[in-house]
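Let's take a walk through this structure together, one piece at a time. Keep the picture open while you read.

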Amino acid sequence: MSDRALQDAVIRALADAPYRASPEWRGRGLADASRVERYARFLARHFYNERIVNFFKYSRALARITGRRPEAVLRQPGFDALLSTLVLGSRDSARTVAALVARYLSEGESAIPYRSDLLRYEAAMMVAEAGARIWREQGEGRRERAFPERVEGTVLLELEYDLPAVLPKLLQPWSEPPVAPRRATTLLVARSPHGRVAVARGNQAVAAVVALADGKRTLDQLATRAGLDRAALEETLLGLIDLGAVRFSTGS
Amino acid sequence: MSDISVGAFYNPHLGRELAAADGIDHLAMADPPSAGDPWFPQIRERYTLLLHDYLGQLSEPLDERSIQRARSLAQLYRSPWVAEHFQCLHTEDGAYSLNYVFPPLYTEEFLDRFVRNAKALKDRLDQPLVMENIPGFFDVKASQLPEPVWLRRFFEATGVGFLLDLPHVWLEAHYHDLEPERWLAEFPLEHVVELHVAGVEQDADLGGPWIAPAEPSQAMLDFMAHAVGRCPRAKAVTFDAFSPSLAAEVLLRSVERIRRAL
């Protein structure tokens, strides 16, 4: 085994709690198990602190009304109980931690009518950000434009309130909580291969293409099923690819 | 009076205070300025800015995109040197990442990788490259060389400068029951260009001290004065705190205390 592969095993042990507990890792005897465990727990709290502070920043801005800061969950027994199961960067772990934060925040005082939408939005951002990413470009590779495919983690949110109208105001100084217009709003949350999370307003065409892009349908089949002409489909796809919501697969 | 530049990290939430502050010579940039940062134009005009971003881990070669990003940030900041870390924090396939600085194994293979990739990066930059030491909380048995020996060989092979993070040295000494001054003496101090100083605080998970966005203790400042006296090429000391929780008073007071201690 190369030194690089050994380093990868150490990184994985710190990031992946079930692997850290496995005979495969423990049998290597590479490092003091107690110190590795302590450092892994420190890293987990740091890892999720960064994400909670970033993705739940709007709820954080409402803390003086709700009395709850999102990152407080990291020092609660609920999070401690997760430590033996978490895999840093995995979508399942992100989903579990985001749900814990949302549950904690939803139990706080609130006269914020759009709080439920806000928590769904913030949790969706955190979940979308998770997953393996490209750290280094390895060349262009094959880019056959054949089968559009929804990127894992892409989410369409159907909201009761127009959150984009209120989010910037929440981060500015306010004395009364900003009001969100009550109107049905569709938002698309997606992530680029390098980990940048983006949000865009969705419409019927976007919703249809995201739902139907399974990596098996051709452009013509997709256009027919989505009820779009070819030009409209290609324009929609360009926007979705820019956002990181859809990519082209080469089929199987 | 020392002619060493004394500075801190640019914390965007303290933009107003930093734009008006006295007694700070330089600011290190951990992140690019956001498009909506109203203070950055003033900050850029007023201060020497040091590029101290995450450029990539030099266990692998940096790709063209990362190199161009480093070049354009160095140009934006007019940075006198460019900093990276001795870190290997994500797996080669990208599946796992710690999202926190983590040192490589101190082996011949990793030395060869870091020397090769640092030389390649250095050749593509218009500014000198400096590299920062990273603390280990535990030893990995696969390491073959003591960290200071590995670092010395790296600096001698590359001609890269040393960004000496003193709290990192102090923490390693603490967790190995060594005197910090004795452990420091092992490091290749003749290559040091910049030093980092910071506070440490008790961490419940680690059961001991770790780096924190806090004021350096008097003991840490004494350690800094001791170190600077042994780094003949040192040009700058930076208060190493970058966090949304950092208060302006803590940053300003820390810089002032560093300056007095030099």
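Start in chain B, where B:Leu163 stands opposite B:Glu194 in strand β7(B). Keep in mind that what you're looking at is a predicted model. The two strands meeting here are β6(B) and β7(B), the latter covering residues 192-197; four bridges join them, and they run parallel.

Now look at the other partner of β6(B). Strand β5(B), residues 129-132, also runs parallel to β6(B), and three bridges join the two. On this side, B:Glu132 is the residue that stands opposite B:Leu163. How does the chain cross from β5(B) to β6(B)? The path goes through helix α5(B), residues 147-158, and this β-α-β crossover is right-handed.

So is β6(B) enclosed or open? This strand spans residues 161-165, and five of its five residues are buried, which means that it is largely enclosed by the rest of the structure. To see how that works, remember that in a regular strand the side chains alternate between the two faces of the sheet. In β6(B), B:Gly161, B:Leu163 and B:Asp165 are on one side, while B:Phe162 and B:Leu164 are on the other. Every one of these residues is buried, so both faces of the strand are covered.

For a contrast in setting, hop along chain B to helix α9(B), residues 248-261, which is where you'll find B:Arg253.

Next, turn to where the chains meet. Here 35 residues of chain A are in contact with 33 residues of chain B. On the chain A side, helices α1(A), residues 3-15, and α4(A), residues 33-55, each supply at least two residues. It's α4(A) that gives the most, with twelve residues. Sorted by class, the chain A side has 17 nonpolar, four polar and 14 charged residues.

Last stop: helix α9(A), residues 115-129. Its 15 residues reach 21 Å from the first C-alpha to the last, close to the 21 Å expected at 1.5 Å a residue. This helix is mostly covered, with 13 of its 15 residues buried. Just after α9(A) comes A:Gly131, which takes a positive phi of about 110 degrees.

Definitions and conventions: Residues numbered from 1 in each chain as written. Chains lettered and ligands numbered in written order. Predicted model: local features only at pLDDT ≥ 70, side-chain atom pairs only at ≥ 80, totals over all residues. Buried ≥ 20, exposed ≤ 12 C-beta atoms within 10 Å, placed from the backbone. Pairing = 2+ DSSP bridges. Right-handed = clockwise from strand over helix to strand, strands pointing away. Contact = placed C-beta atoms within 7 Å. Nonpolar A, V, L, I, M, F, W, Y, C, P; charged D, E, K, R; others polar. Expected span 1.5 Å × (residues − 1).
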